[in-house]
Amino acid sequence: MFAAEAVLAVAMNKHEEAGLPHSRLRAAAARRAVYNVLDHGGVGHPGSIAVNRGIVILITINLAAVTLESVPNLRARFAPWFTALEIISLIAFSVEYLLRVWIAPEHAPYRHFGARRARMKFITSALGIIDLLAVLPFWFAFVLPADLRVLLVFRIVRFLKLVRYSPGIRSLLEALQRERRALFGCFVILLGAALVAASIMHIVEGNVQPDKFGTIPDAMWWAIVTLGTIGYGDVVPVTVLGRMVASVTIFAGLIMIALPVGIIASAFSDEVHRRDFVVTWSMLARVPLFAELQASDIADIMSLLRAQRVEPGSFIVRRGERAHCMYFIADGEVEVVLKDRKVQLGTGDFFGEIAALRRSRRTATVIARTQASLLVLDAHDLHALMERDTRIAEHIRHVASTRLGEEIVVPKGDIVLDEIEKTSRRNY
């Protein structure tokens, strides 16, 4: 609630500076707030997390229902439940689609377009078409006769909506897009190899098995399933020379299949590392001590990070113990237990940055609420970097002294209370 109000206030302030009417201010602010919840969210935004998880659960339930509804006995027995689920899903996905069309001008790639053009861009985009296909055929089904099997196919299309909510799927699709030329080249080579193998087998086996290898198109079926290492066994050579050709074709098929698999695996790995790099970079850039550093400086700090995984309920730090590092939350949630209250931090948040500058005692206990992946920056490593690069050292000391004043030299703790307040207002 506080987060939504803050977004509305910020958006209205920006538009007031542009001199827009009050009604348009509220509409623009509301649109920005809906965008933050539905499509953008900000790191660890509780509203966005809840909505996205709800949609993913609804999509999963829909896919399970489509599968079970294809069984006649189950369809007859649970028909009212399937109908109710479809109505709820149709309403939910329709509202989601309309809201996504409305907030399209807030998307970064469309912001330089007008509102109407931005919405058309979204409607004609791949994700926009998937969202439309998930609802439009079912609205037509209310007024037009439709084949149940056709509707089942369109309900399966809802599986593609998971692309928006799964970083792994998005990374895979981006890897395929990036390597499309190499993959197309592999396809051309595979097609050429199939044509050559079919032609040779037509010459060798055509007279012996005219019904199976009598023509090159007939032999193509055998060549394709053999190069694909499937080999159904419905078409096999019977001559010695034919079997020799088949053996060479099988080995060639292994090479042909391994080639695109290697390209995709390498591209997918690079895409995942690139995404992790961007996420880590954004987390470091949010830390006030590092916010205005140059790109090369942040890269140096990134090289010092080490990964740590903690289980739910584990103590990450304890009040009173000697501080020696700061933490970035790459995934999961933690709870900061202060003397008078508790504060929850999520993905993208950080804590203990002052511990990287001074050997103070912890002022709070931090416990993992869920399984969490952390990036840890040791104070020793940071100080070693500062000793090597005086420019980084001067910047960090200047920012620290500006933000904390004399507190930087008085060991009162490693968690700055004004940051906790800001985080608390953001998350609650």
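**Basis.** I worked on a predicted model, in which local features need pLDDT of at least 70 and side-chain atom pairs count only at pLDDT 80 or more, while totals for chains, interfaces and linings use all residues. Residues are numbered from 1 along each chain as its sequence is written, and side-chain values use heavy atoms, with hydrogens and water left out.

**Entry on S89.** I placed S89 in helix α5, residues 79–102. Helices (H or I, at least four residues) and strands (E, at least two) are DSSP runs, numbered from the N terminus. Setting aside neighbours within four places in sequence, I found S89 in contact with L58, N62 and R158, where contact means heavy atoms within 4.5 Å.

**Entry on the whole protein.** I noted 18 helices and eight strands. Of the 428 residues, 39% count as buried. Among contacts with a separation of 6 or more, 70% come from residues 24 or more positions apart. I recorded an accessible surface of about 23,600 Å², with 65% of this belonging to carbon and sulfur atoms; the areas come from the Shrake-Rupley method with a 1.4 Å probe, and for residues only the protein chains shown count as cover.

**Entry on the cores.** I then examined the nonpolar cores, each a set of buried Ala, Val, Leu, Ile, Met, Phe, Trp, Tyr and Cys residues joined through side-chain atoms within 4.5 Å. The largest has 20 residues, of which L284, F290, I301, F328, L377, L382 and I396 touch the most other members. Two or more residues of this core come from each of α15 (295–302), β3 (325–331), β8 (372–378), α16 (379–388) and α17 (390–404). A second, separate core has 18 residues, including V336, V343, L374 and V376. In soluble globular proteins, nonpolar side chains tend to be buried together.

**Entry on the open sheet.** I traced four strands in the order β1-β8-β3-β6, with antiparallel pairing; two strands pair if DSSP finds at least two bridges between them. Since β1 (306–310) and β6 (350–351) stand at the edges, each with a single partner strand, one side of each is left without a neighbour in the sheet. Between β3 and β8 I noted six bridges, and the partner of I329 in β8 is L374.

**Entry on β4.** From strand β4 (residues 334–337), V334 and V336 point one way and E335 and V337 the other, and all are buried. I found β4 paired with strand β5 (residues 342–345) in the antiparallel sense over four bridges, the two forming a hairpin with four residues between them. Strand β7 (residues 365–368) also pairs with β4 in the antiparallel sense, over four bridges. V336 stands opposite V343 in β5 and has V366 as its bridge partner in β7.

**Entry on partly exposed residues.** I located I129 in helix α7 (residues 126–133); at 40% relative accessibility, I129 counts as partly exposed. Not counting residues up to four places away in sequence, I129 touches I123 and T124. I located V188 in helix α11 (residues 180–205), and V188 counts as partly exposed at 43% relative accessibility.

Note on methods. Buried < 20%, exposed > 50% of the residue type's maximum accessible area, 1.4 Å probe, protein only.
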